[in-house]
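Visitor: I'd like to learn how to read a structure like this one. Could you walk me through it?

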Amino acid sequence: MNLPTKFYFTVATTVLLFAGAVWALPNVHAVARAVDNHYNRLHSLQAEFTEIYQGAGIERTESGTLWLKKPGKMRWEYRSPREKLFLSDGRDAWFYVPGDRQVRKSPVRKLDDLRSPLGLLLGKTRLEKELQGLSFAPDVAPALPGGMVLRGVPKGMGERVNEVILEITPESRISRLRIEEADGSVTEYRFSDPKENVELGDDRFRFAPPSGVEVIDANLGQ
């Protein structure tokens with residue numbers, strides 16, 4: 001092979017190898033569809049969570065167990081550093097700290113809580129519909145080996161939330177959710193030890209106020 005032929009062969013081979021590498025890169029649309037398909041086939045989910053909040057000079061870390069069940073039911077049971085409960089039966093949401101004399105109740109449709117969209121994760125996941133401008137976030141390192149990091153802005157929350165960061169595992173699970181709000185505060189949820197399609201009774205998502213506890217009903221304040 002003479003020199004010009006060898007040179008052109010080398011260039012062509014390099015171009016083909018580069019093109020093959022580009023084609024092998026994950027596609028954000030395919031990743032989003034894989035996440036959608038994974039969660040839409042589930043009827044229930046249990047996972048351990050860690051919640052990390054940073055803002056206004058405050059840093060707080062809490063942890064506990066999360067349960068989700070179709071349609072729209074969820075239970076966040078905090079154990080550390082203080083027990084508290086946030087749950088929804090799909091219609092109403094309850095916020096309660098054991099030992100307090102009050103519990104807050106709010107209809108889900110009027111709920112303004114960063115955790116509430118997760119109640120719709122099972123069966124209604126549409127990442128590209130719910131997160132505008134969904135794209136890869138190459139500047140954010142994954143916390144777990146093999147993870148892919150995506151970013152987007154929640155639909156209808158652009159004035160409150162700057163962006164949402166999602167870390168996706170090779171199994172198309174969401175292992176991390178970071179919410180950066182317009183005021184500069186950041187709330188991050190890390191999920192581990194997922195158990196899918198576990199048997200969960202509806203009573204786990206109901207709340208009966210303890211005797212002597214006052215119910216502060218948001219409906220009554222309208």
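Guide: A strand here is a DSSP run of E with at least two residues, a helix a run of H or I with at least four, and both are numbered from the N terminus. Keep in mind that this is a predicted model, where local features need pLDDT of at least 70, side-chain atom pairs count only at pLDDT 80 or more, and totals for chains, interfaces and linings use all residues. Residues are numbered from 1 along each chain as its sequence is written, and side-chain values use heavy atoms, leaving out hydrogens and water.

Visitor: In what sense do β7 and β8 pair?

Guide: Two strands pair if DSSP finds at least two bridges between them. β7 and β8 (residues 148–154) are antiparallel, with 4 bridges.

Visitor: What is the order of the strands in the open sheet?

Guide: Its 12 strands run β7-β8-β9-β10-β11-β1-β2-β3-β4-β5-β6-β12, and the pairing is mixed. β7 (131–136) and β12 (214–217) are the edges: each has a single partner strand, so one side of each lacks a neighbour in the sheet. From one strand to the next, the twist averages 20 degrees.

Visitor: Is Ser44 buried or exposed?

Guide: Buried means under 20% relative accessible area, exposed over 50%, and partly exposed in between, using a 1.4 Å probe and protein chains only. Ser44, in strand β1, has 1% relative accessibility, so it counts as buried. The side chain of Ser44 reaches the backbone oxygen of Val198 at 2.5 Å. Lys70 is 26 residues away along the chain, yet its C-alpha atom is 6.4 Å from that of Ser44.

Visitor: Which residues have the most contacts inside the largest nonpolar core?

Guide: Nonpolar side chains tend to be buried together in soluble globular proteins. A nonpolar core is a set of buried Ala, Val, Leu, Ile, Met, Phe, Trp, Tyr and Cys residues joined through side-chain atoms within 4.5 Å. Here the largest has 32 residues, and Tyr39, Trp76 and Leu166 have the most contacts inside it. Its largest share, 5 residues, comes from α2. A second, separate core has 7 residues, including Leu85 and Phe207.

How values were computed:
Axes fitted to C-alpha atoms, helices over the stretch in contact; angles between N-to-C directions. Polar contact = N/O pair within 3.5 Å; in protein donor to acceptor, adjacent residues only side chain to side chain.
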